[in-house]
There are 2 protein chains.
Amino acid sequence: MSGSRAAAKARTHENLLDAAATVFAERGYGAASVEEIARTAGVSVGSVYAHFTSKEKLFVALMERRSAREFATAQAELVGGFEAAVPALDRQLLAEADSAHLAELGAEAWLHALRSPAFGAELAAHHRRVHDVVTAMVAQERERRGTTLSMSDSEVGTVATALARGLVQYRRLSPETVPDDLFGRTLTALLRGLEAPPPPPASPPASDRAVPGSVDA
Amino acid sequence: MSGSRAAAKARTHENLLDAAATVFAERGYGAASVEEIARTAGVSVGSVYAHFTSKEKLFVALMERRSAREFATAQAELVGGFEAAVPALDRQLLAEADSAHLAELGAEAWLHALRSPAFGAELAAHHRRVHDVVTAMVAQERERRGTTLSMSDSEVGTVATALARGLVQYRRLSPETVPDDLFGRTLTALLRGLEAPPPPPASPPASDRAVPGSVDA
DNA sequence: GTCTATACCGGGATAGAC
DNA sequence: GTCTATCCCGGTATAGAC
């Protein structure tokens with residue numbers, strides 16, 4: 001029946017994306033070959049081009065699937081509020097850093113975004129969506145505590161996502177330098193430091209810049 | 001005279017590394033061609049192979065020069081202590097994020113390190129050297145303040161370097177999301193949050209938390 | 001939609017003259 | 001050490017049968 005044919009097609013489609021994830025991650029975009037992707041997926045080169053018009057389109061399709069999954073994960077983890085989310089965030093960071101391919105694909109995506117303006121806009125939009133979710137969690141936690149932070153919610157969101165990215169990369173290269181719970185401990189300490197009222201300018205014109213209740217973004 | 005010949009050779013050598021930086025950054029390691037590197041440097045392909053035995057060796061040589069410069073910069077900026085270093089760190093982060101090629105080369109280096117164990121060991125060693133300098137600065141600042149931190153100096157160093165890396169990448173893709181002084185403000189707040197003594201489990205003397213959940217470190 | 005076969009091109013690396 | 005010319009392989013993409 002046509003249903004099984006459609007299912008077979010969809011299966012090949014997913015297999016190709018899985019194979020592309022493996023090969024792009026292991027070889028890098030430029031050095032990855034369509035032939036190896038086809039072989040990994042168990043199909044021929046011709047089949048790849050029946051599903052994707054070019055190597056670049058295949059890469060972009062893979063990245064879109066990856067972004068969708070990443071966003072879904074982020075949303076699912078942050079609904080419970082900050083304190084509940086901290087262990088989940090630590091686990092998520094470990095999963096990405098210790099995965100065989102996730103961190104590499106992230107770097108490949110970033111590099112490709114810098115080289116292809118169209119894809120760059122897509123990746124920036126994805127970052128913004130994730131960032132908005134993180135920012136909302138920060139705002140929620142700030143309101144729950146009933147305090148003000150010397151940094152906007154949006155800025156805290158940027159710092160948190162950037163830190164996660166950096167820690168993943170360091171841990172991937174030198175796992176022993178990034179303890180399992182370093183991310184969560186840092187976020188906790190950072191919130192405490194932002195929450196504490198700035199030290200009163202004792203004698204000199206200190207470089208304190210804390211503005212309680214600063215703007216959002 | 002032989003001196004001028006040696007100087008010419010050295011000039012070509014440096015030109016090749018500069019050209020390699022440009023082309024590897026713009027195309028990526030896999031897609032970069034030795035022919036384009038030669039053309040950018042104003043020499044022939046044959047000359048490239050007279051200086052470097054392979055494309056990969058050329059890449060590694062470029063990365064070694066880059067590591068050496070990065071380490072020298074890090075050392076120079078951190079000798080003055082934390083407070084003096086904060087603006088310099090912000091400037092350095094902006095320079096890397098807004099440079100045409102530095103951030104890309106960093107990502108290419110990281111990816112190559114994951115794919116080549118020998119180079120991976122080299123890059124990890126470089127990270128460790130930079131990390132040691134940062135950690136020393138953290139220790140110095142901690143001692144200057146005469147306080148204790150709820151995180152080891154080394155961990156703070158890891159967090160600081162990872163955060164810098166992440167912020168560079170976010171700013172390169174979406175400059176408006178990373179203010180010029182975000183890195184320095186975050187470091188300052190983080191130290192403040194780490195410095196604050198963890199709330200005693202029994203009854204906090206001066207701390208007023210209207211919410212049952214306590215912050216763990 | 002999947003296969004085999006192939007057109008077509010570009011890149012890494014080398015040879016040998018100067 | 002630098003050049004030109006070339007070898008040779010492997011890659012993207014397509015054609016056409018089933």
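## Lead points

Over all chains, a search of the whole structure finds 36 salt bridges. The model discussed here is predicted.

**Surface near DNA strand D**

- DNA strand D is surrounded by 15 residues, of which Val34(A), Lys9(B), Ser44(B), Ser47(B) and His51(B) are the closest.
- Of the atoms of DNA strand D that come within 4 Å of the protein, 74% belong to sugar and phosphate.
- In the side chain of His51(B), an N or O atom is 2.4 Å from a phosphate oxygen of DNA strand D.
- For Tyr49(A), a polar side-chain atom lies 2.9 Å from a phosphate oxygen of DNA strand D.
- Two or more residues of the surface near DNA strand D come from each of helix 2 (34-41) of chain A, helix 1 (2-27) of chain B and helix 3 (45-51) of chain B.
- With four residues, helix 3 of chain B gives the most to this surface near DNA strand D.
- By class, the surface near DNA strand D has five nonpolar, seven polar and three charged residues.

- Sugar and phosphate make up 74% of the atoms of DNA strand C that come within 4 Å of the protein.
- The side chain of Ser47(A) places a polar atom 2.8 Å from a phosphate oxygen of DNA strand C.
- The side chain of Lys9(A) has an N or O atom 3.0 Å from a phosphate oxygen of DNA strand C.
- The side chain of Thr12(A) has a polar atom 3.0 Å from a phosphate oxygen of DNA strand C.
- Helix 1 and helix 3 (45-51) of chain A are the elements that give two or more residues to the surface near DNA strand C.
- Helix 3 of chain A supplies the largest share of that surface, namely four residues.
- The residues of the surface near DNA strand C divide into five nonpolar, seven polar and two charged.

**The second largest pocket**

- The second largest pocket holds about 1000 Å³ of space.
- Its lining consists of 47 residues, and the closest to the centre are Glu70(A), Gln92(A), Glu96(A), Val130(A) and Ala164(A).
- Several helices of chain A each supply at least two residues of the lining, including helix 1 (2-27), helix 5 (82-98), helix 7 (117-145) and helix 8 (153-173).
- Helix 4 of chain A gives the most to the lining of the second largest pocket, with nine residues.
- The lining of the second largest pocket comprises 28 nonpolar, 11 polar and eight charged residues.
- Domain 1 (7-52) and domain 2 (62-195) of chain A each provide at least three residues of this lining.

**A salt bridge in chain A**

- Side chains of opposite charge can pair when their charged atoms come close.
- A salt bridge joins Arg128(A) and Asp132(A), and their closest N and O atoms are 3.9 Å apart.
- Arg128(A) and Asp132(A) are separated by about one helical turn because they are four residues apart in helix 7 of chain A.

Conventions. Residues numbered from 1 in each chain as written. Chains lettered and ligands numbered in written order. Predicted model: local features only at pLDDT ≥ 70, side-chain atom pairs only at ≥ 80, totals over all residues. Heavy atoms only, no water. Near = heavy atom within 4 Å. Polar contact = N/O pair within 3.5 Å; in protein donor to acceptor, adjacent residues only side chain to side chain. Nonpolar A, V, L, I, M, F, W, Y, C, P; charged D, E, K, R; others polar. 1 Å grid on protein atoms, 1.4 Å probe; cavity = no way out; pocket = protein on both sides within 12 Å on 5 of 7 lines; lining within 4 Å. Points joined across faces, edges and corners; volume = space filled by probe spheres on them. Domains from an automatic or database assignment. Salt bridge = Lys/Arg side-chain N within 4 Å of Asp/Glu carboxyl O.
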